[in-house]
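Here's a quick briefing on a two-chain model, sorted by topic. Have the viewer open while you read.

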Amino acid sequence: MKQILIQLVTAFIGSLGFGLLFGLRTKHLFWAALGGMIAWGIYLGVYALVPELFLANLCASVFAVTYAELMAHLRKCPATLFVVTGVVPMVPGGSLYRAMDCAVNGDLARAGDYGHKTLVVALAIAAGISFVTVCRELHTPKT
Amino acid sequence: MTLTKEKQTELAECLLDMGALLLDCGAEISRVEETLMRMGRAYGARHVDAFAITSIITLTMEFDDEDAITETRRIYSSAGTDFYRLEKLNDLSRSCCAAPIPVAELRAKLEHVAEGKKPESVILWGSILAAGGFAVFFGGTIWDGLTAAAFALLICFLQKQLGHTQISTTGSNLFISFLSGLGVGLLCRLVPMLHMDMILIGDIMLLIPGIAMTNSIRNMLGGNTISGAVRLLESLIWAAALAGGFMTAMLIVELTI
């Protein structure tokens with residue numbers, strides 16, 4: 001439980017950091033960081049129910065992009081602003097690092113495992129973004 | 001609004017500047033093309049063709065009375081992310097499309113946006129929070145978080161210094177990841193309570209081209225396959241440089257100390 005709380009709080013701080021780093025305006029910062037935190041909460045929730053890496057990341061990324069589109073609509077700004085801060089807690093920095101670490105130490109089997117994990121997560125994020133983009137396009141008439 | 005031939009050329013140059021600025025702030029290709037087309041139409045062009053990839057923008061506008069105008073702009077930097085200016089440009093384009101302002105005024109407003117970069121202190125705080133936050137997020141202690149935040153400052157400093165040189169993004173990723181890997185590795189040997197992996201993971205998050213990759217996928221989905229593929233390949237090379245730098249540093253630390 002404590003671990004979950006720490007992760008949620010740090011996901012918020014990390015998303016906030018990226019919001020600042022990319023020059024998000026002060027009035028959007030809280031909402032951007034909140035999106036990142038909820039997305040991670042959804043990842044944790046789905047993973048607890050069905051321990052499937054791809055599915056959990058897909059659900060979280062679908063939420064993050066939907067949230068971004070909603071925020072863009074409500075706050076009259078490009079959705080890109082909120083997409084990045086929403087998906088950033090899912091970016092597989094951890095498994096990328098472990099893949100490198102194992103490769104350096106000659107443990108190629110585990111390096112492959114972590115490399116595979118990194119790819120699966122990256123694909124899940126991309127799939128989530130695609131899914132929402134397609135849904136939005138279905139509702140936008142041709143110009 | 002009817003424009004003289006001279007003004008039309010001036011407008012085309014203005015719009016290309018706007019497109020270049022949009023790309024530099026991290027806008028998707030479709031946003032760049034759409035903005036130029038809408039703006040051109042708002043200023044009275046009968047037909048507008050805008051084509052953009054990450055390294056070039058071409059714009060052709062046909063006005064009622066004159067021949068078509070075509071202008072091209074080579075883009076040298078298009079991998080930045082600056083949502084502050086991106087939003088300003090978006091607002092400018094929205095208001096201009098609703099009620100076009102004179103070309104000279106548009107030029108002045110664009111220059112104003114171009115100069116309004118985010119302050120350095122904001123970048124520093126952002127890096128500190130992001131690196132520190134993610135070091136703890138991935139399972140580090142509070143001390144790991146603080147160390148990652150300190151090295152985030154080093155990364156910012158290096159990025160700024162390398163920005164003044166000719167170095168490519170690949171080269172700078174290699175160099176920065178090597179130096180910070182070496183620094184963190186040495187520090188962790190001296191202070192055994194720190195976890196090298198957690199600190200490095202936090203700092204990797206700052207350098208990982210996650211945004212470029214996300215954008216490249218969105219570009220490809222939007223039908224801009226060339227730009228998307230180019231950027232995806234670029235970001236994979238940047239990630240490989242990042243891994244190469246860290247791995248070399250880790251090897252040196254493990255073999256020598």
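Predicted model: local features only at pLDDT ≥ 70, side-chain atom pairs only at ≥ 80, totals over all residues.

A residue counts as buried here if 20 or more other C-beta atoms lie within 10 Å of its own, with C-beta atoms placed from the backbone. For chain B, buried residues come to 47% of its 257 residues.

**Chain A overall**

- Chain A is built from six helices and zero strands, so its pattern along the sequence is simply α-α-α-α-α-α.
- Taken along the principal axes, the box filled by the C-alpha atoms of chain A is roughly 55 × 35 × 30 Å.
- Of the contacts in chain A with a separation of 6 or more, 61% are between residues 24 or more positions apart.

**Helix H4 of chain A**

- How many of the residues of H4(A) are buried? The count is eight of its eight residues, which makes H4(A) mostly covered.
- Those buried residues are Thr80(A), Leu81(A), Phe82(A), Val83(A), Val84(A), Thr85(A), Gly86(A) and Val87(A).
- The cover over them comes from both chains: it includes H1, helix H2 (26-49), H3 and H6 of chain A, along with helix H3 (83-98) and helix H9 (210-221) of chain B.

**How H3 and H6 of chain A pack**

- Two packed helices are described by the angle between their axes and the distance between the axes.
- For helix H3 (residues 53-75) of chain A and H6(A), the axes come within 8 Å and cross at roughly 40 degrees.
- H3(A) and H6(A) are therefore oblique to each other.
- The crossing of H3(A) and H6(A) is right-handed.
- On the H3(A) side, the contact is made by Leu53(A), Phe54(A), Asn57(A), Leu58(A), Ser61(A), Val62(A), Val65(A), Thr66(A) and Glu69(A).
- On the H6(A) side, the contributors include Lys117(A), Val120(A), Val121(A), Ala124(A), Gly128(A), Phe131(A) and Arg136(A).
- Sorted by class, the residues of this H3(A)–H6(A) contact are 13 nonpolar, four polar and three charged.

**Where the chains meet**

- The contact between the chains takes 37 residues from chain A and 39 residues from chain B.
- On chain A, helix H1 (2-21), helix H4 (80-87), helix H5 (93-104) and helix H6 (108-138) each supply at least two residues of the side that touches chain B.
- Which helix gives the largest share of that side of chain A? H1(A) does, with eleven residues.
- The side of chain A that touches chain B has 25 nonpolar, ten polar and two charged residues.

**Chain B overall**

- Chain B has ten helices and three strands, and from the N terminus on its elements run α-α-β-β-β-α-α-α-α-α-α-α-α.
- The C-alpha atoms of chain B fill a box of roughly 75 × 30 × 30 Å, again along the principal axes.
- Looking at contacts in chain B between residues at least 6 apart in sequence, you'll find that 67% join residues at least 24 apart.

**The sheet in chain B**

- The three strands of chain B form an open sheet in the order E1-E2-E3, with antiparallel pairing.
- Strand E1 (47-53) and strand E3 (69-74) of chain B are the edge strands, each pairing on one side only.
- From one strand to the next, the twist averages 5 degrees.
- E1(B) and strand E2 (residues 56-62) of chain B are joined by seven bridges, and one pair of bridge partners is Val48(B) with Met61(B) in E2(B).
- Helix H2 (residues 29-42) of chain B packs on the sheet and touches E1 and E2 of chain B, its direction making about 155 degrees with that of E1(B).
- E2(B) and E3(B) run antiparallel with six bridges between them, and Thr58(B) stands opposite Thr72(B) in E3(B).

- Arg31(B) lies in helix H2 of chain B.
- Why does Arg31(B) count as buried? Because 24 other C-beta atoms lie within 10 Å, and the cut-off is 20 or more.
- Leaving aside neighbours within four places in sequence, Arg31(B) is in contact with Pro78(A) and Leu22(B).
- Arg31(B) and Ala52(B) are 21 residues apart in sequence, and their C-alpha atoms are 9.9 Å apart in space.

Terms used
Residues numbered from 1 in each chain as written. Chains lettered and ligands numbered in written order. Contact = placed C-beta atoms within 7 Å. Helix = DSSP H or I, 4+ residues; strand = E, 2+ residues; numbered from the N terminus. Nonpolar A, V, L, I, M, F, W, Y, C, P; charged D, E, K, R; others polar. Axes fitted to C-alpha atoms, helices over the stretch in contact; angles between N-to-C directions. Parallel < 35°, antiparallel > 145°, perpendicular 65-115°, else oblique. Left-handed = near helix turned anticlockwise from the far one by under 90°. Buried ≥ 20, exposed ≤ 12 C-beta atoms within 10 Å, placed from the backbone. Pairing = 2+ DSSP bridges.
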